Amino acid sequence: MPAGLPGDPVMLLSVINTKLRDYYPSLDALCDDMHIDRKELSDRLDLIDYAYDAGRNQFV
């Protein structure tokens with residue numbers, strides 16, 4: 001994960017969902033802008049049983 005993002009998956013979930021809600025229309029846009037590997041992010045949040053829902057534009 002890039003510097004500035006929490007290593008703890010629960011904290012990461014909160015930060016990413018807030019950014020998706022407030023700044024980005026999609027997960028792809030967030031990952032492109034923040035230089036995040038989408039699979040790495042999804043795998044990290046899968047550890048706490050969260051997956052990206054494109055219709056909601058958030059991890060649920």
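These legends accompany close-up views of a predicted model. Local features need pLDDT of at least 70 and side-chain atom pairs count only at pLDDT 80 or more, while totals for chains, interfaces and linings use all residues. Residues are numbered from 1 along each chain as its sequence is written, and side-chain values use heavy atoms, with hydrogens and water left out.

**View A. Helix 1 against helix 3.** The axes of helix 1 (residues 9-22) and helix 3 (residues 38-46) come within 9 Å and cross at roughly 125°. The two helices are therefore oblique to each other (angles under 35 degrees count as roughly parallel, over 145 as roughly antiparallel, 65 to 115 as roughly perpendicular and the rest as oblique). P9, L12, L13 and I16 of helix 1 meet L41, R44 and L45 of helix 3 (contact means heavy atoms within 4.5 Å). By class, this contact has six nonpolar, no polar and one charged residues.

**View B. N17 in helix 1.** N17 counts as buried at 17% relative accessibility (buried means under 20% relative accessible area, exposed over 50%, partly exposed in between, with a 1.4 Å probe and protein chains only). Leaving aside neighbours within four places in sequence, N17 is in contact with Q58 and F59.

**View C. The salt bridge between D28 and R38.** The closest N and O atoms of this pair are 2.6 Å apart (a salt bridge is a side-chain nitrogen of Lys or Arg within 4 Å of a carboxyl oxygen of Asp or Glu). D28 lies in helix 2 (residues 27-34) and R38 in helix 3, so the pair ties together parts that are 10 residues apart in sequence.

Note on methods. Axes fitted to C-alpha atoms, helices over the stretch in contact; angles between N-to-C directions. Helix = DSSP H or I, 4+ residues; strand = E, 2+ residues; numbered from the N terminus. Nonpolar A, V, L, I, M, F, W, Y, C, P; charged D, E, K, R; others polar.
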